[in-house]
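User: Please take a reader new to this structure through it by way of questions and answers.

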Amino acid sequence: MKKMIIGLFSIILVISLAGCGSSNNGSSADGKVSITISWWGDTARNKKYNEIADEFEKENPNIEVKRQFGSWNDYWDKLATQTAGGNAPDVISMHPNYAADYARRNTLLDLDQYIKSGDIDVSNFPKSVVNSGKISGKNYMIAQGVTTSGQVVNKSLFEKIGVDAPGDQWNWDHFVDKAIEVQKAIKAKGLKGTWAVDDQSIQYQPVFEYYLRSNGKQLYTEDGKLGFTQKDVENWFNMWETLRKAGAIPDAATVNEYANVSLEQSLFAKGKLAMHDIPGNQLYLYADQMKDSQLEMVRHPQGPSGDGEFVEGAYLSITKSSKHPKEAAKFINFFVNSEKALKIFKIEQGAPGSTKMNDYVKPQLEKGQQQSLDFIQKTLKYAGEAPYPPKGNTELTTEFTNAANSIAFGKSSVKAASAAFMKKAESIVNNQ
Amino acid sequence: MKSAWKRNWVGFFFLGPWLIGLIGFTTIPMLTSLYFSFTKYDMFTPPNWAGLANYIEIFHDPKFYSSVKVTAIYVLLSVPLQLIFALLVAVLLNRGIRAVRLYRAAYYVPSLFGGSVAVALLWRQVFDSEGLLNSVLGVFGISGHNWISTPSTSIYTLIILAIWQFGAPMVIFLAGLKQIPVDLYEAARIDGANKFQQFFKITLPMLTPIIFFNLIMEIIHAFQAFTPAYIVSGGTGGPLDSTLFYTLYLYQKGFTEFHMGYASALAWLLLVTIAIVTGLVFASSKKWVFYQE
């Protein structure tokens, strides 16, 4: 009797352990295949992705699309853990800032075979857009939307204080002069808690990168080393220090307080800033929040070596661990090439990669979205290619923010903070 | 051995689920992290043996020292202050006032939310530049201050948050106070001892085992605090690393910078530190904890 019960117990044990190990391999008995997709975003964006996945399921009744999503920070935390655990989703949203970390660690699938086989059609994608998804010559990402950054200008505020708003053609000296001029006018009008521009000194990517490129430098070289020197970092921080001394950017505590707030709670959306750096595709989101103000996008200032623009955007990738890469490729193709998907997605994360889809969505856009698209299309003409960052880009970004903060809080001088940053940065880049 | 198993198999049977949990979710992950702490591991590619490299690197890492400093300040201030506060409230509630249950529940509520995301978000609202505290100060004509976003004050907002969640030790203190025999107080009153003397000569010594227990629990708790700093600083430990708790730094290293080996080494240092501190408190207890027997 006892032996029997012990035997039973061991059976239960074995079954429950086996239960732990059985992972979902994505196929069920009725021949239906299931793939998992994931993205970052807010409620409005989640709705769009869900609708697109529904449309895809309707068109492909034998494929089930499971969905995962989170806010920007949560998304990346979760993806890292999933990837390490070998259970990453099949189709993941990718961003250039993170792409190198994932691609260089060999976790993404080279999509070349699916492009050659025609499963993913990029024939309507401009070459620069296709190339922006390549890392070390391999196609790891397909663009959902491409965008460029610039300064959004609150024209109504400029009118109120009687200063001419900047145009597209200006350099960094003009930018500083303009910001100081605006701040003087704000002071003369007696506007409290209002600044000419936000503190962009912490923006390693993209604003510092724009600055470097317009000065003939790069953030990174092709072989993954630093493309700038300590002098460049000092010049950059000194420029912002000038603006800080003039009171044209918010104090450090205010900057930190607003560092992680949502778009609608940001200083710019509250009308407390005359200029602010954003990616072009977000212009209409601000326009929605600021119905009483007239907004306009202008290009980032240019430098002695010309334009800073490079292609940014949101992309889709397939993970190496995917058990159904062919179905995943089908989903990506549906997302970027079908009218059904683009009718829903429009310019949610930038201008569609395909020129054909660009023409398709254009007549369907509202005014704010139209402005976004116009800006992106205009500036893409200036856009060059930016080499992908090496592993450790996330760490470098943190270090850069630390340096900028210690200057902003007055804890260290520009020179000392820049030197400390360079030392750290070189050790991070060289240790990969 | 065989007979022992025969005698105890029912016990093991009932212990089974817990035992599986202990081995599967605690022991194995812990040993794995011990192994990782001696490797370079980025979570995507297999770990490479690195010997003591992570541990050596830690002691040359300025951010490690700043996180240790932040955590030390947090533990040294929040634990005693929270316990004193909890004891005071418990003594007040023990005086047989009316509606004591209501008060007890009301004071306990903040601890139920302890470490929750919602409370940390609420804290932001209270200490923001346009928050509740500054509005109240504004009534008295005091101009506001960015409590959370200024490096010199941000850690104290988190300490106040910890003190506010005094409910759990308070309930235990309350139970301890009820255990003290009433005749001790009677005898003291007859001898002419005032309330003050009664508190320091009877209540406090009789309560030392409970204080000891609460102290250990809260020290461990404080060392492991993570959520408040993560939420209040948006995961950065900022401004200027002023809320970079040790656990938060560990998390950043492991999950945002992909240095899982380094993060594992940090975790083991934390474990050892907590063990040493707890051991010291235990050793000292012989000198100040009195058991009635």
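Analyst: A salt bridge is taken here as a side-chain nitrogen of Lys or Arg within 4 Å of a carboxyl oxygen of Asp or Glu. The model discussed is a predicted one.

User: How many salt bridges does the rule find across the interface of domain 1 of chain A and domain 2 of chain A?

Analyst: The domain assignment gives domain 1 as 26-146 + 313-378 and domain 2 as 149-308 + 392-430 of chain A. Asp168(A) forms a salt bridge with Lys378(A), with the closest N and O atoms 2.8 Å apart. Across the interface of the two domains, the number of salt bridges found by the rule is one.

User: Which element gives the largest share of the side of domain 1 of chain A that touches domain 2 of chain A?

Analyst: Between the two domains there are eight residue pairs in polar contact. On the domain 1 side, the elements that give two or more residues are α4 (96-103) and α16 (367-380) of chain A. The largest share, seven residues, comes from α16(A).

User: Is Trp40(A) buried or exposed?

Analyst: Trp40(A) lies in strand β1 (residues 33-40) of chain A. Beyond its neighbours within four places in sequence, its contacts include Trp72(A), Tyr75(A) and Trp76(A). A residue counts as buried under 20% relative accessible area. Because its relative accessibility is 7%, Trp40(A) is classed as buried.

User: What distance separates the centres of domain 1 of chain A and domain 2 of chain A?

Analyst: The area buried between the two domains is about 1,300 Å², and carbon and sulfur atoms give 48% of this area. Taken over C-alpha atoms, the centres of the two domains are separated by 30 Å.

Definitions and conventions
Residues numbered from 1 in each chain as written. Chains lettered and ligands numbered in written order. Predicted model: local features only at pLDDT ≥ 70, side-chain atom pairs only at ≥ 80, totals over all residues. Heavy atoms only, no water. Helix = DSSP H or I, 4+ residues; strand = E, 2+ residues; numbered from the N terminus. Buried < 20%, exposed > 50% of the residue type's maximum accessible area, 1.4 Å probe, protein only. Contact = heavy atoms within 4.5 Å. Domains from an automatic or database assignment. Buried area = accessible area lost by both parts, 1.4 Å probe. Polar contact = N/O pair within 3.5 Å; in protein donor to acceptor, adjacent residues only side chain to side chain.
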